[in-house]
Amino acid sequence: MIARRAVVHGDVQGVGYRWWTAREAQRLGVRGWVSNRDDGSVEVHAEGDAAAVDALVSALGEGPRWARVARVVVADDDPAGWSGFEVEP
């Protein structure tokens, strides 16, 4: 199991980005969370099978239809043992 933390910058709040991320994570079998940040970006913690986590991280660069992703900053993270994928405020 691996974990990655991603911060997604651009027009990603108010366009369904968090809910889209949760659906993608569940479809891929990735666990963790997604949350809006005060600076207008979205933060994602993803953990699970390396191929699934990498697929989610790659998809974050596209996002849902109305999102405009400027950049995604990704770093390795420590697995926390999440049992599902949560949308946080």
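**Reading the sheet and its helices**

In S4, Val 73 is the bridge partner of Val 7.

Student: What kind of model is this, and how are residues numbered?

Tutor: This is a predicted model, in which local features need pLDDT of at least 70, side-chain atom pairs count only at pLDDT 80 or more, and totals for chains, interfaces and linings use all residues. Residues are numbered from 1 along each chain as its sequence is written, and side-chain values use heavy atoms, with hydrogens and water left out.

Student: In which sense do S1 and S4 pair, and over how many bridges?

Tutor: Strands of a sheet pair through backbone hydrogen bonds, either parallel or antiparallel. Strands (E, at least two residues) and helices (H or I, at least four) are DSSP runs, numbered from the N terminus; two strands pair if DSSP finds at least two bridges between them. Here S1 and strand S4 (residues 68-76) pair in the antiparallel sense over eight bridges. His 9 stands opposite Arg 71 in S4.

Student: How many bridges join S1 to S3?

Tutor: Seven bridges join strand S1 (residues 2-11) to strand S3 (residues 42-48), and the two run antiparallel. Ala 3 stands opposite Glu 47 in S3.

Student: What is the strand order in the sheet?

Tutor: The open sheet has five strands in the order S4-S1-S3-S2-S5, with mixed pairing. S4 and strand S5 (85-88) are the edge strands, each pairing on one side only.

Student: Which strands does helix H2 touch?

Tutor: Contact means heavy atoms within 4.5 Å. Axes are lines fitted to C-alpha atoms, for helices over the stretch in contact, and angles run from 0 to 180 degrees between N-to-C directions. Helix H2 (residues 50-60) packs on the sheet and touches S1, S3 and S4; its direction makes about 5 degrees with that of S1.
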